[in-house]
Amino acid sequence: MRRTAIRAAALLTAATLVPLTAGCGGEASAGDGDTVTVTVGYQSRTINTVTAGTLLRSLGYFEEELRARGERDGVTYKVKWQDYATGAPITAQMTAGKIDIGSMGDFPLLINAARGKQLNRPTRLVSVTGYNLRGGLNTVVTAPGSDLDSLEDLRGKKVSTSVGSAADGTLVRALQRAGIDPEKDIRKLNQQPAVGASALQAGSADALSQFVAWPGLLAFQGRAKALYDGAELNLPTFHGVTVREEFAKRRPAVLEDFLRAQGRATDYLHEHPVASSESVAKATGLPAEVVHLYNGAQGIATFDTTVKPALVAALKKDVPVLRSAKLVGDVDVDAFVDEQYVKRVYGSAYAKAQAAGPPAARGGEVWLKGKDTTSAFATPTEVLRYAAAHPGQVRAAYVPDASTGTLWFADRAVWVSEGAALRPYVTASAARADVATHPGARIVPYATALDRARVS
């Protein structure tokens, strides 16, 4: 969403919408006649929701939009932010009428839809935050010294995940493709991400399947290595914004203010990627280098508030996975998706924005210490060459997987050398597959890849 489109739509909305009175709010949007409080549930450390949560909150854009509306309506609007580790408690609070607007991943969104219908508290998906068309936001990792080298090695092993999450969906699908029964052939541990990370480190879990930003964080800290790149599934995964239907109907203008503010936060992230990563890092305690891996200019996630047909189609494919796990019954995805509010915010620019895809793939970037910008490169070899020319100065270097395009830390990637060519992979199994089909190619350590790039 570009800022000009947002502002034009804002003027149109302000001119045409009839102001709502303070007395028409739902349970969560409490009001005393002159003051209305809008409650927003978000996941600060699930950093692909930052444009509807962490970053949006720090920028204050929603409060700005509501302040302007309040001046027109004669009402004081307040925002109450509630932070959670996963989407499940947000859904619980929404169906209890205690949260108006929430953000979560695709599998939790379906559970949100199912619970809302079951409890006669319907919710609606109204926008998207971050997405990856191949599924690269979810990763299965193991301990750094683990002997596990592929999904096939997980038979009989203990695998931690958060059941009902997008990462759980990735695990189930990946195992099924590998001919492994996710219910019988592994021991699944249903754990919160932080608990699972601790279990992996303690050795009480053999592997961990989690969503952004946990795999990147553990890899960055040297506490894990990637076993399976979710992008190998080549199925879209995303995070989105859901709203209580009652709230949306009673306060459509306030919901549109939220979506307008989300669009502004999305613009800010695109225009100030490093500053955004630093801001989210400060708010969450995550390393900025990890945030940037996912949310940076070449990050694993693409941020766009439009609801794309490919994402809706993927959501429909997710329903059978959750149904087989007895987490939902039938979910009417078409009824759950409601684009009318974000369409009104965009105006005539919506169709073009919805049709736009992720930016063209590039070869990686390097973030030097003390710099508030990064340097982009056309190829991973150029990334290595630049990093080698700046010893001790590299804060983070990122390269895309040669097969899936998933961005990864250059010093955590598995490198394949073939003559002058250097190809990075997120997982060792992908690198071995490359070597098996390229006579003369071999896997080399990161230090060797640096040396070869320096002289190439």
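Helix 3 (residues 61-73) packs against helix 10 (residues 252-271) at an angle of about 140 degrees, and their axes are 8 Å apart. That angle makes helix 3 oblique to helix 10. The model is predicted.

**Helix 3 and helix 10**

- The crossing of these two helices, helix 3 and helix 10, is right-handed.
- Helix 3 contributes Tyr61, Phe62, Glu64, Glu65, Leu66 and Arg69 to the contact.
- Helix 10 contributes Ala253, Val254, Asp257, Phe258, Arg260, Ala261, Arg264, Ala265 and Tyr268.
- The contact of helix 3 with helix 10 has nine nonpolar residues, six charged and no polar ones.

**Helix 13**

- Helix 13 covers residues 309-324, which makes 16 residues.
- At 1.5 Å a residue, helix 13 should span 22 Å; the C-alpha atoms at its ends lie 24 Å apart, which agrees.
- Its buried residues are Leu311, Val312, Ala314, Leu315, Asp318, Val319, Val321 and Leu322.
- An α-helix has 3.6 residues a turn, so residues three or four places apart point the same way.
- Lys326 follows helix 13 and has a positive phi, near 60 degrees.

**Helix 5 and helix 13**

- The axes of helix 5 and helix 13 are 10 Å apart, and the helices pack at an angle of about 75 degrees.
- Helix 5 and helix 13 are therefore roughly perpendicular to each other.
- From helix 5, Asp106, Phe107, Leu110 and Ile111 take part in the meeting with helix 13.
- Their partners in helix 13 are Leu315, Asp318, Val319, Val321 and Leu322.
- By class, the contact of helix 5 with helix 13 has seven nonpolar and two charged residues, with no polar ones.
- Leu315, Asp318, Val319, Val321 and Leu322 are also among the buried residues of helix 13.

- Helix 17 and helix 19 (residues 446-455) cross at roughly 90 degrees, and their axes come within 8 Å.
- The two helices, helix 17 and helix 19, are therefore roughly perpendicular to each other.
- On the helix 17 side, the contact is made by Thr381, Leu384, Arg385, Ala387 and Ala388.
- On the helix 19 side, Tyr446, Ala449, Leu450, Ala453 and Arg454 make the contact.
- The contact of helix 17 with helix 19 has seven nonpolar residues, one polar and two charged.
- Thr381 sits in helix 17 (residues 380-388).
- Thr381 has a relative accessible area of 13%, so it is buried.
- Neighbours within four places in sequence aside, Thr381 is in contact with Leu422, Ala453 and Ser456.

**Helix 12**

- Eight of the eight residues of helix 12 (residues 288-295) are buried, so helix 12 is largely enclosed by the rest of the structure.
- The buried residues of helix 12 are Ala288, Glu289, Val290, Val291, His292, Leu293, Tyr294 and Asn295.

**Ser150**

- Ser150 lies in the loop between strand 5 (138-142) and strand 6 (158-161).
- Not counting residues up to four places away in sequence, Ser150 touches Leu227 and Arg432.
- Ser150 and Ala194 are 44 residues apart in sequence, and their C-alpha atoms are 23 Å apart in space.

Note on methods:
Residues are numbered from 1 along each chain as its sequence is written. This is a predicted model: local features need pLDDT of at least 70, side-chain atom pairs count only at pLDDT 80 or more; totals for chains, interfaces and linings use all residues. Side-chain values use heavy atoms; hydrogens and water are left out. Helices (H or I, at least four residues) and strands (E, at least two) are DSSP runs, numbered from the N terminus. Buried means under 20% relative accessible area, exposed over 50%, partly exposed in between (1.4 Å probe, protein chains only). Contact means heavy atoms within 4.5 Å. The expected span of a helix is 1.5 Å times one less than its number of residues. Axes are lines fitted to C-alpha atoms, for helices over the stretch in contact, and angles run from 0 to 180 degrees between N-to-C directions. Angles under 35 degrees count as roughly parallel, over 145 as roughly antiparallel, 65 to 115 as roughly perpendicular and the rest as oblique. A crossing is left-handed if the near helix is turned anticlockwise from the far one by less than a right angle, and right-handed if clockwise. Ala, Val, Leu, Ile, Met, Phe, Trp, Tyr, Cys and Pro count as nonpolar, Asp, Glu, Lys and Arg as charged, and the others, Gly among them, as polar.
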